[in-house]
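Visitor: I have a file open and would like to talk it through with someone. Could you take my questions as they come?
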Amino acid sequence: MHEVDMTKCLLISLNEWRDRRDNTSAMVETVHLDVGRFTCVEPDQLVTTYNAAVQGSWLDGSRLTITEIPFIGRCLSCNGTYDPVPENAYRSPCCDHPLEEIVSGRELRIRSIDYRSDSAAALESSPIQRQR
Amino acid sequence: MTPQLPLSHLQSSASAETDTPLPAMHMPLEDNLSLNLLAANTHQADHNNEQFQRWDLICFNLMSSPGAGKTLLLERSLPSLARELNMAVLEGDMTTQLDADRLEAVGIPVVPITTGRACHLDAAMVSGGLNLLQQRLDPAALDLLLVENVGNLVCPAEFDVGEHHKVALLSVTEGDDKPLKYPLMFRNADVVLITKIDLLPHLPVDLDAIRRNILSINPDATVIEVSALTGEGLEAWHRWVRHALVQRKSPIPALATA
Ligand SMILES: Nc1nc2c(ncn2[C@@H]2O[C@H](COP(=O)(O)OP(=O)(O)OP(=O)(O)O)[C@@H](O)[C@H]2O)c(=O)[nH]1
Ligand SMILES: [Mg+2]
Ligand SMILES: [Zn+2]
């Protein structure tokens, strides 16, 4: 059910994004999210909640796409990376070290927004923050 | 990670507008935001935390599955801590009937937080609770504010409310595999209380396995075994509370690592 609150947060950010633009006629096509596997978010549920929440709003018709980011830990004994799994209590398989550093998997991020605008606007060219 | 505000991008696109030809209508534009999805909650949590700083108090967020013993722990711990500390409770779980009178009797004010049907507290709800608290007392007189979250091992861990420390409770009746099944809660907790240890003689549960599983996910966690019913272990928990307060008031690195 927390996907509802996540969606609320997302809509607040999207509304702010629109309000900060000179041009409020932006038609959002796709919102791209990065969601780590070590978060409490179920991607499918978030998409369902989003689709329900945007109905009748300025975001009606937009799509939410989610890129899942793998859960990766770093073993501080040998500095290697590994997939933490519950069967091994999230410890490193190489050195049986506890989960210290999380390399990725905690992402909850609005990566980018694809949109159309009927007024002049330049294509954004800042580099995409690469997923690891 | 450097969260960027959309504004910087807008300025760059606005300045480019003059020399760039109109993009074709079928060509979608792209804004690269890299914004935290929970930015709205994070902003409110930061705001709550600034309030706490102004009031010079420390705030704990108590989280556990339903019935792990959050309320009974407060009922038993606070009267004893009240001899040295000024405290208040923000009660986020109105489904159980907290014996508020009992806490009030030893001078612990309890303020309810309206959660609606929420499965966790968010920073805005706690902010509402802080407003009620201010109508009741001067928060600057408090040393410690305890927030009892909604009973749930999943999402409260993801929603900061501005607290200084996350306190997770796990009762021995829940089984030793729960830290592995709900890893985020135990990863994010600063201290984990293993509760209801008076029941251990009746249960086929391995206390060492619970402890080991918690520390495998979160080697930095402090793990304390308690029984609110018999009082066993409460003194160790109270020492942790005092230590957290001392650390806060005098953040000397040498003390912090003690
Ligand atoms: N034997 C034993 N029972 C306990 C202990 N602590 C709590 N209980 C019992 O466990 C039940 C639930 O305790 P609560 O304190 O209401 O738990 P809670 O975490 O506040 O529950 P919710 O707010 O509903 O999530 C009650 O019947 C308590 O009496 C303990 O240390 N030992
Ligand atoms: Mg309770
Ligand atoms: Zn290793």
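Guide: Let me begin with a contact count in this predicted model: seven residues of domain 1 of chain A are in contact with five residues of domain 2 of chain A.

Visitor: Where do those two domains run in chain A?
Guide: Domain 1 is made of two segments, 1-70 + 106-132, while domain 2 covers 71-104.

Visitor: And what area is buried between domain 1 and domain 2 of chain A?
Guide: The area buried between domain 1 of chain A and domain 2 of chain A is about 530 Å², and carbon and sulfur atoms give 71% of that area. On the side of domain 1 of chain A that touches domain 2 of chain A, the residues divide into three nonpolar and four charged, with no polar ones.

Visitor: How many salt bridges does the rule find across that interface of chain A?
Guide: Across the interface of domain 1 and domain 2 of chain A the rule finds zero salt bridges, although it does find one residue pair in polar contact there, with both residues at pLDDT 80 or more.

Visitor: Switching to chain B, what is its mean pLDDT?
Guide: Chain B has a mean pLDDT of 85, and 83% of its residues reach 70 or more. Over residues 1-26 of chain B, however, the pLDDT is below 50, and this stretch has 38 contacts in the model beyond near neighbours in sequence. The pLDDT is also below 50 over residues 254-258 of chain B, a stretch with five contacts beyond near neighbours in sequence.

Visitor: What about the ipTM and pTM of the model?
Guide: The model scores ipTM 0.82 and pTM 0.86.

Terms used
Residues numbered from 1 in each chain as written. Chains lettered and ligands numbered in written order. Predicted model: local features only at pLDDT ≥ 70, side-chain atom pairs only at ≥ 80, totals over all residues. Heavy atoms only, no water. Domains from an automatic or database assignment. Contact = heavy atoms within 4.5 Å. Buried area = accessible area lost by both parts, 1.4 Å probe. Salt bridge = Lys/Arg side-chain N within 4 Å of Asp/Glu carboxyl O. Polar contact = N/O pair within 3.5 Å; in protein donor to acceptor, adjacent residues only side chain to side chain. Nonpolar A, V, L, I, M, F, W, Y, C, P; charged D, E, K, R; others polar. pLDDT = per-residue confidence, 0-100.
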